[in-house]
Amino acid sequence: MNSFLELCRARRSYRKYTAEPVGKAQLDRILQCALMSPSGKRLNPWEFYVTTDTTLIRSLKDCRQMGTTMLDTAPVAVAVALDSEKADTWQADGAIAALNLQLAATDEGLGACWCHILERDNAEERVRQAFGIPQNLRVLCLVTIGHKDEERQQYDLQKLPYQKIHFTA
Ligand SMILES: Cc1cc2nc3c(=O)[nH]c(=O)nc-3n(C[C@H](O)[C@H](O)[C@H](O)COP(=O)(O)O)c2cc1C
């Protein structure tokens with residue numbers, strides 16, 4: 001991607017993926033970006049649980065009643081888990097790391113999507129068990145990553161909600 005503006009324009013939620021596996025070098029670079037995420041007081045309360053086991057990923061499809069279509073085809077899922085005792089900014093820290101994962105995937109030409117887990121039905125416990133995540137960690141979300149199998153429009157700079165920007169004199 002030539003610029004951060006172009007990267008932001010191209011980042012969309014992709015929920016359909018081809019069966020092509022994500023290359024190990026690509027996945028490693030994406031995970032490196034997660035590890036460079038900023039966090040409050042640099043406490044880094046996150047842990048990233050990564051799987052390419054498609055049977056495991058598919059098995060989580062019904063962990064919530066809706067919003068999990070990306071789990072039907074994703075070849076990679078990263079569970080973003082956090083120690084809520086370690087940092088009172090843990091939810092913000094996790095969200096930033098999840099976004100870094102998505103932006104890094106976009107930069108690699110891949111698609112990615114956030115699947116929310118925290119406080120959604122029994123999803124947190126299901127994901128904990130599937131990934132072997134210890135009880136002391138909260139699970140914020142899964143970020144799915146894969147080769148895109150759907151078209152999404154890039155953001156149009158002319159159509160952004162500029163009314164949400166408030167300049168104070
Ligand atoms: C906090 C958060 C939770 C989200 N949870 C889900 C989800 O559970 N399932 C889903 O399909 N998309 C989920 N998304 C993706 C949003 O639906 C998506 O970002 C939004 O519709 C804007 O579309 P875009 O990402 O293509 O720009 C989530 C995004 C965020 C930031």
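So, where is lysine 41 found? Lysine 41 sits in the loop between H2 and E1. Those labels come from DSSP runs numbered from the N terminus, H or I runs of at least four residues for helices and E runs of at least two for strands.

Before going on, two quick notes. What you see is a predicted model, where local features need pLDDT of at least 70, side-chain atom pairs count only at pLDDT 80 or more, and totals for chains, interfaces and linings use all residues. Residues are numbered from 1 along each chain as its sequence is written.

Lysine 41 has a positive phi of about 55°, although it is not a glycine. Most residues other than glycine have a negative phi. Lysine 41 counts as exposed, because it has 11 C-beta neighbours inside 10 Å. Here's the scale: with C-beta atoms placed from the backbone, a residue is buried if 20 or more other C-beta atoms lie within 10 Å of its own, exposed if 12 or fewer, and partly exposed in between. Asparagine 44 lies in the loop between H2 and E1 too, and its phi is positive as well, about 45°, although it is not a glycine. With 17 C-beta neighbours inside 10 Å, though, asparagine 44 counts as partly exposed.

Okay, let's zoom out. How many helices and strands does the chain have? There are five helices and four strands, and from the N terminus they run α-α-β-α-β-α-β-α-β. The C-alpha trace spans about 50 × 40 × 35 Å along its principal axes. Of the 169 residues, 34% count as buried.

Now for contacts, meaning two residues whose C-beta atoms, placed from the backbone, lie within 7 Å. Take contacts between residues at least 6 apart in sequence: 78% of them join residues at least 24 apart.

Next, the inside. A nonpolar core is a set of buried Ala, Val, Leu, Ile, Met, Phe, Trp, Tyr and Cys residues joined through C-beta atoms within 7 Å. The largest one has 41 residues, and Val80 and Leu101 touch the most other members. Helix H2 (24–35), E2, helix H4 (90–107), strand E3 (111–116), H5 and E4 each supply at least two residues of this core. Beyond its neighbours within four places in sequence, valine 80 has contacts that include Trp46, Phe48, Ala97 and Leu140.

Which residues of helix H5 are buried? In H5 (residues 123–131), they are Ala123, Glu124, Val127 and Phe131. They sit on the same side of H5, because they cover an arc of only 100° around the axis. The arc is that of the directions from the helix axis to the C-beta atoms. An α-helix has 3.6 residues a turn, so residues three or four places apart point the same way. The buried residues of H5 pack against strand E1 (46–51), strand E2 (76–83) and strand E4 (137–146).

For a contrast, look at methionine 66, in the loop between helix H3 (54–59) and E2. Methionine 66 counts as exposed, with 7 C-beta neighbours inside 10 Å.

Last stop, the ligand. Around it you'll find Arg12, Ser13, Arg15, Gly67, Cys113, Trp114, Cys115 and His116. Being near here means a C-beta atom, placed from the backbone, within 6 Å. That shell divides into three nonpolar, three polar and two charged residues. Ala, Val, Leu, Ile, Met, Phe, Trp, Tyr, Cys and Pro count as nonpolar, Asp, Glu, Lys and Arg as charged, and the others, Gly among them, as polar.
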